[in-house]
Amino acid sequence: MAAVESTPSRILNKVAIFIVLILTVIYLIPLYWIGSTAFKPRAAATTVPPTVFYKPEVTPFVKLLTKRVQLRKAVSEEKYEQAKWYEKLVYDAGERIITSSPFLNRFWNSIIIACVSTFLALTLGTFTAYGFSRFKVKGENDWLFFILSTRMLPPVVVAIPIFLMFRHIGLVDTHLGLILLYTALNLSFCVWLMKGFIDEIPIEYEEAALVDGYTRFEAFWKIVLPQSATGIAATAVFSFITAWNEYAFALMMTNRKAQTAPPFIPSQLGSGMIDWTTIAAGTFIFLFPVAIFTFLLRKHLLRGVTFGAIRK
Amino acid sequence: MTATAATVRRGLSDLAIRNMFVVPTIVFLILINIFPLFYSLILSFADYSAVSGRPPNWIGIQNYRELLRDPHVWESLYITLKYVIISVSGQLVVGFGVALLLNRSIPGKGTITTLLLLPMMMSMAIVGLFWKLLYSPSWGIINYLLGLQNFVWISNADVALLAIAITDIWMWSPFVMLLSLAGLSAIPKHLYEAAAIDRASRWFTFRRITLPLVTPLLLIAVIFRTMEAFKTFDLAFIMTGGGPGTATELIAIKLYNMAFPQWQTGKSCALAYILLIMIIGISNIYIKYLNKAKER
């Protein structure tokens with residue numbers, strides 16, 4: 001290409017790169033803003049014009065993890081001296097800690113439910129993907145089609161009968177209830193993605209192993225699984241993110257005990273002592289793992305969002 | 001397989017293994033997804049509220065008849081259609097545009113691409129929540145950067161839908177970009193070289209080489225986003241809850257309101273079925289195109 005490139009096209013290239021850089025910066029402003037709000041003093045979060053430079057503090061995170069009341073009068077110097085560092089931060093903001101907030105519990109729910117459902121979906125999904133990849137299944141395409149189409153169902157549509165059934169068998173607001181739903185949600189995804197990965201492993205390895213006297217299951221366990229380790233890891237991370245982010249089912253099926261972070265964080269808006277810096281702190285903690293995972297997954301993103309259909 | 005057929009097999013037969021591997025998944029999906037749908041199909045023919053304690057009163061297709069005659073349902077579908085058109089066309093323009101710009105050697109291209117892809121990996125609900133902060137009329141960063149003083153976005157019936165669509169465009173343009181980039185980078189370089197030798201104009205090259213070769217992947221992106229936009233619940237529910245008034249009451253929110261706060265269980269099951277048929281229609285087209293892309 002270099003030989004045929006002319007001067008105007010080189011300039012055009014420079015301009016394009018420049019525009020890309022500008023656009024990227026604009027694109028990241030919302031994310032930067034939420035991150036920076038999480039470290040602002042309360043008063044600095046809602047100023048006009050917006051505060052860009054400030055002394056970062058962790059008070060929003062302390063507030064996120066605690067329930068507080070307004071101080072009626074200033075604390076005595078002696079009491080202030082004895083207070084722990086986080087208590088001092090809250091005193092400085094004119095408040096007093098009464099107890100811990102439910103945030104940690106909701107966060108923990110999110111972790112448990114996402115991990116268990118990912119594990120279940122991935123296990124079932126990998127077996128099924130192997131089955132579809134290596135054996136003749138009558139009406140294979142129709143079954144795969146059916147499996148993927150379950151993922152396309154709008155949560156609100158499925159939620160109405162499921163809510164009634166869950167209420168009947170006592171699964172409303174339980175970890176198990178959400179785990180079952182998220183397993184179903186991720187299962188179709190795992191089957192499609194893992195089938196793509198397993199299809200890429202040459203069948204000759206297993207055939208050689210079978211000739212050597214491995215059983216079919218051993219061949220799957222000792223040859224195919226290790227070969228698809230990258231695929232399994234990528235699929236696991238994708239499934240985890242899906243379950244981690246899910247909102248609609250969590251909103252309708254849980255209210256307290258098994259509630260996850262996505263419905264909890266917004267519910268803090270307008271509940272008295274919570275302000276935007278605290279919401280931003282919750283959002284920051286919630287989004288941070290997703291950002292890390294996105295970077296880990298960057299080579300597989302295209303595959304993931306197209307259910308393994310497009311590999312590049 | 002011929003090599004294995006001759007050997008004496010230990011362990012389970014292939015058929016048993018296959019069934020053991022495939023059947024649990026299918027049974028599980030039928031139990032969690034299909035069985036409930038049968039249940040709601042039955043309830044859709046009843047006048048029934050799940051909180052009243054009264055048994056369902058079977059009324060045939062009256063729920064469907066009422067829904068199809070209800071101007072609010074049509075209004076809601078109209079709002080949804082508007083939303084789908086604004087947000088998908090926005091994503092197509094921004095996503096494909098950025099992909100065209102990115103499709104060259106740029107220092108740090110991988111990192112830039114990944115940074116741009118961050119929004120689409122995030123929770124719709126949480127994104128909606130913090131865009132509410134950005135949209136704040138008096139101290140929001142959006143009004144500040146655009147130089148609009150005290151312009152009301154979220155609680156303004158005229159622009160609330162647009163505000164949600166803009167957030168959706170921010171979040172999902174990267175998806176279109178990702179697929180477009182895959183399509184663009186798969187175009188053989190020699191086609192462009194041949195065009196350059198023939199002194200073809202830029203526009204001609206774009207229209208006759210780039211566009212036709214990217215279209216299959218663009219189509220997949222557009223169909224998928226159309227389906228997702230049609231189903232939108234999280235983003236709009238968090239940002240506006242359907243308001244102000246019914247200005248942003250997308251069909252999924254209408255359904256939620258009917259099913260949960262209002263507890264019109266029978267009627268909402270009927271509406272869910274109407275929605276389901278539309279979604280199955282779009283998703284069939286989508287999976288068909290996906291399979292076509294796979295065969296390439």
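The following legends describe close-up views of a predicted model.

**View 1. Domain arrangement in chain A.** The domain assignment divides chain A into domain 1, covering 66–100, and domain 2, covering 104–305. A distance of 42 Å separates the C-alpha centres of domain 1 of chain A and domain 2 of chain A.

**View 2. Contact between chain A and chain B.** On the side of chain A, 86 residues are in contact with 81 residues of chain B. The most residues on the side of chain A that touches chain B come from helix α1 (residues 7–37) of chain A, which gives 14. By residue class, this side of chain A divides into 67 nonpolar, 15 polar and four charged residues.

**View 3. The largest nonpolar core.** This core comprises 163 residues. Those that touch the most other members are A:Ala159, A:Leu178, B:Ile126, B:Leu178 and B:Leu255. Leaving aside residues up to four places away in sequence, B:Leu178 touches A:Leu301, A:Leu302 and A:Val305 of chain A, together with B:Leu117 of chain B.

**View 4. Packing of helices α4 and α10 in chain B.** Helix α4 (residues 71–102) of chain B packs with helix α10 (residues 202–231) of chain B at an angle of about 145 degrees, and their axes are 9 Å apart. The crossing of α4(B) and α10(B) is right-handed. From α4(B), the contact involves B:Thr80, B:Tyr83, B:Val84, B:Ser87, B:Val88, B:Gln91, B:Leu92 and B:Phe96. These meet B:Leu218, B:Val222, B:Arg225, B:Thr226, B:Ala229 and B:Phe230 of α10(B). Nine nonpolar, four polar and one charged residue make up the contact of α4(B) with α10(B).

**View 5. A cis peptide bond in chain B.** Most peptide bonds are trans. The bond from B:Gly243 to B:Pro244, however, is cis, with omega near -5 degrees. B:Pro244 is placed in the loop between α11 (234–239) and α12 (251–259) of chain B.

**View 6. Positive phi at A:Phe307.** Most residues other than glycine have a negative phi. A:Phe307 has a positive value, near 55 degrees, and is found in the segment after α15 (301–305) of chain A. A:Phe307 counts as buried because it has 25 C-beta neighbours inside 10 Å, where the criterion is 20 or more.

**View 7. Positive phi at B:Trp263.** Although not a glycine, B:Trp263 has a positive phi of about 50 degrees. B:Trp263 is placed in the loop between α12 and α13 (265–295) of chain B. Because 14 C-beta neighbours lie inside 10 Å, B:Trp263 counts as partly exposed.

How values were computed: Residues are numbered from 1 along each chain as its sequence is written. Chains are lettered from A and ligands numbered from 1 in the order in which they are written. This is a predicted model: local features need pLDDT of at least 70, side-chain atom pairs count only at pLDDT 80 or more; totals for chains, interfaces and linings use all residues. Domain bounds come from an automatic or database domain assignment. Axes are lines fitted to C-alpha atoms, for helices over the stretch in contact, and angles run from 0 to 180 degrees between N-to-C directions. Helices (H or I, at least four residues) and strands (E, at least two) are DSSP runs, numbered from the N terminus. A crossing is left-handed if the near helix is turned anticlockwise from the far one by less than a right angle, and right-handed if clockwise. Two residues are in contact if their C-beta atoms, placed from the backbone, lie within 7 Å. Ala, Val, Leu, Ile, Met, Phe, Trp, Tyr, Cys and Pro count as nonpolar, Asp, Glu, Lys and Arg as charged, and the others, Gly among them, as polar. A nonpolar core is a set of buried Ala, Val, Leu, Ile, Met, Phe, Trp, Tyr and Cys residues joined through C-beta atoms within 7 Å. A residue is buried if 20 or more other C-beta atoms lie within 10 Å of its own, exposed if 12 or fewer, and partly exposed in between; C-beta atoms are placed from the backbone.
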